[in-house]
Every structure is written in C-alpha cells, then in structure tokens.
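The following exercises, each with a worked solution, concern a predicted model. Please consult the sequence and the structure while working through them.

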Amino acid sequence: FFAQAVSGGDLDTATFSVPRARLSCSGNLYQENVKYYVQIAGDGGRDFELLDGWVKYVWSDDFAFKVGQFKAPINRQFMTAAGKQQFINRSAASQYFTATVVEREIGVEASGGFSENKFQWAGAFVNGNGRNADNGDTKFQYIGRVAYNLAGDYGYSEGDLEGGDTAAATLGAAV
C-alpha cells in the first residue's frame, strides 16, 4: 500500500495504490484431520486469481493426501512463502532447478514424515500447465521430493524468528 502524487502539465493527481494483495484463509473442515487452504491474489487492478485452493486429509504425521491447486513440492526455498524468506528474491540456484516447473499446479499430492519429521517425503501427480489451467494433452508431470532435517523439523521459514538454541540444517533431493 502506498500513496503517490503526480504533477505535470494539466494533470495533477494524488492516489493510493495497492500493487499486490493476497487474501488467504485456512482451517479444518468438520474434523481436525481434514484441512483446507485458499489464497486469492489481486494485481492492483480489478483482476483476482486463485493461487492456492486445496483440501488435505491427514491420516497421521507419516501420511497425508492433498487434492487441488498448490505449490509443487520441489525444493525448500521454492515451497517457502515469500514473506518467510530471508531475502527479497529466491536464489539463482532455486530458480535454475525449478525453471521447468510452474509455481502452482492442479493435481494430487501424498506427503509425510517420520522420526519426529527428521525424514520428510512428498510425491505429486499434476497437470503440468500451471495455475488455473486444465491439462491440454494426455501427459502429466510427476514430482518427488525427500529431505532429511538434521536437527528435526523446523518448518518452512528461512529466518530463526523463535531464537532457537540449535542450528537447523536440511539435506534434500527432488526429481
């Protein structure tokens, strides 16, 4: 949100502008283990677009099943929300390795973790055409990811906002 004043010639204006806005809601549906998430984005004009819209059934920490439109489970920085990243842009390495994946996809995902989420995994079966797009052919995109969190699960945030006493590190691979 910012204010802008323009002066010149016969045109004098002062305006407020919202170049990018996002509205999200999340919670449970009927049961504690049925979760949902919806995120809508506006571009400063009158256009709004669905970014995320999914329902997830969580059997246990070991296994969950998600259906809808969501961020593809590629690398950690790709899956971390922009507001929880250390820098303003994702790294060049992250952009290089995710260049063939559109950020959000429509499909299904299975995921989980074990040993107090030290080991995490995710696999997705998606359209491969990006957000809000039907599959234009008979091909799908398959994505798999595994990670080992050396000090246990610390979520998806790049900064240590809680001031933890132990160093957090993760090793992962995705195809």
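**Exercise 1.** Determine in which strand Phe65 lies, and classify Phe65 as buried, partly exposed or exposed.

*Solution.* Step 1: Phe65 belongs to strand 6, which covers residues 63–71. Step 2: the relative accessible area of Phe65 is 35%. Step 3: buried requires under 20% and exposed requires over 50%, so Phe65, at 35%, is partly exposed.

**Exercise 2.** Identify which residues Phe65 touches, leaving aside residues up to four places away in sequence.

*Solution.* Step 1: with those neighbours set aside, Phe65 touches Val55, Lys56, Tyr57, Trp59, Val108 and Glu109. Step 2: for one of these, Val55, the separation from Phe65 is ten residues in sequence and 8.5 Å in space, C-alpha to C-alpha.

**Exercise 3.** State how many salt bridges are counted, and locate the partners of the one that involves Arg104.

*Solution.* Step 1: the count is two salt bridges. Step 2: in one of them, the Arg104 side chain meets that of Asp52 at 3.1 Å, N to O. Step 3: Arg104 is in strand 7 (residues 104–114) and Asp52 in strand 5 (residues 48–60), so that distant parts of the chain, 52 residues apart, are linked. Step 4: Arg104 and Asp52 are both buried.

**Exercise 4.** Decide whether Lys66 and Glu109 are buried or exposed.

*Solution.* Step 1: the side chains of Lys66 and Glu109 form a salt bridge at 3.5 Å, N to O. Step 2: this pair links strand 6, which holds Lys66, to strand 7, which holds Glu109, across 43 residues. Step 3: Lys66 has a relative accessible area of 10% and is therefore buried. Step 4: Glu109 is likewise buried, because its relative accessibility is 6%.

Definitions and conventions
Residues are numbered from 1 along each chain as its sequence is written. This is a predicted model: local features need pLDDT of at least 70, side-chain atom pairs count only at pLDDT 80 or more; totals for chains, interfaces and linings use all residues. Side-chain values use heavy atoms; hydrogens and water are left out. Helices (H or I, at least four residues) and strands (E, at least two) are DSSP runs, numbered from the N terminus. Buried means under 20% relative accessible area, exposed over 50%, partly exposed in between (1.4 Å probe, protein chains only). Contact means heavy atoms within 4.5 Å. A salt bridge is a side-chain nitrogen of Lys or Arg within 4 Å of a carboxyl oxygen of Asp or Glu.
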